[in-house]
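Work through these exercises with the structure open beside you. Try each task before you read its solution.

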Amino acid sequence: MEPIDLLGLLGRWSAGRGPLHLLLAARLRRLIDDGELPPGMRLPPDRTLASALAVGRNTVVAAYDLLRDERRIVRRQGSGTRVAGTGGRTRPDTTAAPVFLHLLEPHDGAIMLACAAPAGPPPELVEAYERILPELAATTGDLGYHPAGHPALRRAVADRYGRRGVPTGPDRIFITGGGQQALSLLARALIEPGDRVLVEAPTYPGALEVFREEAAVPRTLPVGLTGFEEALRADRPALAYLIPTFHNPTGATLPALPRRRIAESAAAAGVPLIDDEVLADLAFPGEETPPPLAAYTDAVISVGSLSKVIWGGLRIGWIRAPQTLIARLTRLRAVHDLGGNIPAQLAAAELLPRLAEPRRRGSDERRTRHDHLRAELARHLPTWDAPPVRGGQTLWVRLPYGDGTSFAQTALRHRVAILPGAGLDASGGGEPYVRLHFLAPPAELTEAVHRLAKAWRTYEATRVTSPAVLAI
């Protein structure tokens, strides 16, 4: 097992109380007992794991010794450290991506700068549910199973594209349980094991996870898919994935001309192109954004969601695609999920024409918090490079030295959860980076930076420069 994989499974192991070796042993014990680390699996060597965790080697040795005494692991010179028992079971098909595992952990007093989403529902969502109650009460002759989505919401999403200059009929719209499910279904529909997928480096880690789940091979290009035409010829990818508006994590926005070139090149090559628009509504005040990629060619597959502009708890997303793909997605979805939550879809249909006010309010708030976080970082961590953005919800921060994976472990011990850059960059170039979101209230952002500054001082004093860290 590679250390970076184990780090994901360990999660916020060090956020509890007590000596570090006991906390580490406790989390490893749980992973072994739950089957996440199956019998026979080889664990990282002491020094390698210690470097990745930014702890002393003695911490790992003491944790391993405890588990050996409990007969949960076997340690033999020359053959390394393995989970006790005979091999033969495969590892359960679960994710080790920090962006997801942070959702599964109790907060334990940690400030969460890893998962970026609104902290609660806006009043407009409550009002939308109030408006749909009479319609829901009057519903008859409808079993509530709509694998492609409720007709009212499909019409509302289609109308929204029409208002943006992209004429769309409801039969081109497929409703999902959020943007993540949309990407998962598209990957299942379009990718075969071994297929190549063109992605930006860095990019949204949830997309990388669904592509890996289908055993795809990611091929990376710089943000904005620079060199796209040449890569189409060289790699012959099964699909390409792009976040052109307020890119996650860098916040960059692709201008109109390269959008047109990429969309037309993909269409000419017959390569499905996914335009991830989940963040497209998050412009700061006064910022204009170019048209969506679907404005340039009808072959583009657009993915949208209400999770960032409204609330993540409203699990509503959508796909705009050619009718043949919509039909295939509907058949795929029907096997696993007969249909989404109909009250939520009716509420979303009410919300879509009324997004102007929550967008405006959220835009002002995000800009204020973005400026506040950057000011705090400049004051307390002046050697960190945190370029400004014009929208979105995250900063892509370059550390002056070391790596984001081991520093994130140190930050956890100071009760701040951040996202290390390695998991966002399939090219391996994300190690010097961390991703921070700026959605928290200013006072919480201030406290987070104070804790990060303390963590950085600790990291500076004890940082590990072993090549094992850099090679993870």
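**Exercise 1: A strand and its partner**

In strand E15, Arg 435 is the bridge partner of Trp 396. This is a predicted model.

Task: Find how many bridges join E12 to E15, and in which direction the two strands run.

Solution. 
- Step 1. Locate E15 at residues 433-437.
- Step 2. Count the bridges between E12 and E15: there are five.
- Step 3. Compare the directions. E12 and E15 run antiparallel.
- Step 4. Check how covered E12 is. Four of its five residues are buried, so E12 is mostly covered.

**Exercise 2: A residue in a loop**

Task: Locate Asp 403, decide whether Asp 403 is buried or exposed, and list polar contacts of its side chain.

Solution. 
- Step 1. Asp 403 sits in the loop between strand E12 (394-398) and helix H15 (404-413).
- Step 2. Buried means under 20% relative accessible area. Asp 403 has 1% relative accessibility, so Asp 403 counts as buried.
- Step 3. Look for a backbone partner. The Asp 403 side chain reaches the backbone nitrogen of Thr 405 at 3.2 Å.
- Step 4. Look for a side-chain partner. The side chains of Asp 403 and Ser 406 are joined by a polar contact of 2.7 Å.

**Exercise 3: The seven-stranded sheet**

Task: Give the strand order of the open sheet of seven strands, then name its edge strands.

Solution. 
- Step 1. Read across the sheet: E5-E11-E10-E9-E8-E6-E7, with mixed pairing.
- Step 2. Find the strands that pair on one side only. These edge strands are E5 (173-176) and E7 (217-222).
- Step 3. Note the twist. From one strand to the next, the average is 20°.
- Step 4. Take one pair inside the order. E8 (residues 239-242) and E9 (residues 273-276) run parallel and are joined by three bridges. Ala 240 has Leu 273 in E9 as its bridge partner.

**Exercise 4: The nonpolar cores**

Task: Which residues touch the most other members of the largest nonpolar core?

Solution. 
- Step 1. The largest core has 78 residues; Phe 211, Tyr 241 and Leu 306 touch the most other members.
- Step 2. Find the top contributor. Helix H13 (residues 342-351) gives the most to this core, with seven residues.
- Step 3. Set aside a second, separate core of 30 residues, which includes Leu 113, Trp 384, Ala 411 and Ile 418.
- Step 4. Return to Phe 211. Leaving out residues up to four places away in sequence, Phe 211 touches Ala 187, Ile 191, Val 197, Val 199, Ala 216, Leu 239 and Tyr 241.

Methods. Residues are numbered from 1 along each chain as its sequence is written. This is a predicted model: local features need pLDDT of at least 70, side-chain atom pairs count only at pLDDT 80 or more; totals for chains, interfaces and linings use all residues. Side-chain values use heavy atoms; hydrogens and water are left out. A nonpolar core is a set of buried Ala, Val, Leu, Ile, Met, Phe, Trp, Tyr and Cys residues joined through side-chain atoms within 4.5 Å. Buried means under 20% relative accessible area, exposed over 50%, partly exposed in between (1.4 Å probe, protein chains only). Contact means heavy atoms within 4.5 Å. A polar contact is a pair of N or O atoms within 3.5 Å; within protein, one must be able to donate a hydrogen and the other to accept it, and residues adjacent in sequence count only if both atoms are side-chain atoms. Two strands pair if DSSP finds at least two bridges between them. Axes are lines fitted to C-alpha atoms, for helices over the stretch in contact, and angles run from 0 to 180 degrees between N-to-C directions.
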